[in-house]
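Good morning. Please have a look at it first.

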Amino acid sequence: MKRKTIYLIRHGETNYNRQGVVQGSGVDSDLNDMGRAQAMAFFQAYQHVSFDKIYTSRLKRTIQTVQPFLDLGLPYESHEGLNEISWGIMEGKVPNSYDNEYYRTLIDSWAAGQTSVSTEAGESPEQVMERQKPVIDLILSRPEEKTILVAMHGRAIRILLSWLMKQPLSNMDQYEHSNLCLYKLIYSYETSEFTIEQANDSTHLLTLALA
């Protein structure tokens with residue numbers, strides 16, 4: 001059976017993550033020391049995997065997350081379609097009580113099925129899905145790349161997994177994530193369906209907790 005194995009990871013920690021600052025696609029932050037340590041821990045756990053290609057968003061935090069693999073000379077591509085959702089006016093801010101209320105109202109509306117609602121000056125989940133689809137189509141059009149690594153962002157991963165698993169975007173919050181977590185996906189070219197083998201797996205980071 002012809003299939004493709006996709007290791008889908010969220011980027012490592014940034015100072016903005018730690019401080020609770022909204023990043024989205026408009027804040028192009030670097031990994032902090034913890035994020036770089038997470039990236040190295042993931043590399044040490046999965047450097048034995050023969051990745052045929054690496055795909056990242058256009059944002060630095062995803063590229064820096066896979067840098068240890070890139071240093072091996074592995075081919076990679078960066079695609080804007082894999083960027084985080086744009087949070088619009090919320091980006092670059094530490095949410096105050098009003099912003100938190102705005103955020104909760106937005107998330108609640110998405111969970112209620114109103115996934116065409118966008119953040120002010122930002123994107124809706126449906127808009128993110130539409131820009132993700134051409135990138136996934138491109139990836140699937142390359143069956144010779146049997147095993148790939150994809151580095152993305154939290155909300156973007158939730159949106160991606162929802163439609164890949166043929167579920168409504170309103171269900172996206174069931175896909176939990178943490179910095180440098182792993183979702184391992186299998187795509188069957190015969191059935192045109194995805195299955196999830198590992199979900200929000202961070203066991204490779206245990207070495208950091210023990211350090």
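Start with helix H7, which is mostly covered, with eleven of its eleven residues buried. Buried means under 20% relative accessible area, exposed means over 50%, and partly exposed is in between, using a 1.4 Å probe and protein chains only. Among the buried residues of H7 are Gly-154, Arg-155, Arg-158, Trp-163 and Leu-164. Helices here are DSSP runs of H or I with at least four residues, strands are runs of E with at least two, and both are numbered from the N terminus.

Some housekeeping. This is a predicted model, in which local features need pLDDT of at least 70, side-chain atom pairs count only at pLDDT 80 or more, and totals for chains, interfaces and linings use all residues. Residues are numbered from 1 along each chain as its sequence is written, and side-chain values use heavy atoms, with hydrogens and water left out.

Now the whole chain. It has eight helices and six strands, and from the N terminus the order is β-α-α-β-α-α-β-α-α-β-α-β-β-α. The radius of gyration is 17 Å, close to the 17 Å that the globule rule gives for 211 residues, so the chain is as compact as a globular protein of that length. That radius is taken over C-alpha atoms, and the rule is 2.2 Å times the number of residues to the power 0.38. Buried residues make up 52% of the 211 residues. Of the contacts with a separation of 6 or more, 68% are between residues 24 or more positions apart, where contact means heavy atoms within 4.5 Å.

Which elements supply at least two residues each to the lining of the largest cavity? They are strand S1 (3-10), helix H6 (125-140), strand S4 (147-152) and H7 (154-164). A cavity is a set of points, on a 1 Å grid over the protein atoms alone, where a 1.4 Å probe fits but cannot get out; a pocket is an open set with protein on both sides within 12 Å along at least five of seven lines; lining residues have an atom within 4 Å of a point. Grid points are joined across faces, edges and corners, and a volume is the space filled by probe spheres set on the points. Its lining includes Ile-6, Ile-136, Met-152 and Leu-160, and by class the lining has nine nonpolar residues, no polar and no charged. Nonpolar covers Ala, Val, Leu, Ile, Met, Phe, Trp, Tyr, Cys and Pro; charged covers Asp, Glu, Lys and Arg; the others, Gly among them, are polar.

The largest pocket has a volume of about 410 Å³. Of its 21 lining residues, Arg-10, Val-22, Gln-23, Glu-84 and Trp-87 are the closest to its centre. H7 gives the most to this lining, with three residues. The lining has seven nonpolar, nine polar and five charged residues.

Last, backbone angles. Most residues other than glycine have a negative phi. Ala-121, not a glycine, has a positive phi of about 65°. Ala-121 sits in the loop between H5 and H6 and counts as exposed at 69% relative accessibility. Asn-200 has a positive phi of about 50°, lies in strand S6 (residues 193-201), and is partly exposed at 23%. Lys-166, which follows H7, has a positive phi near 60°.
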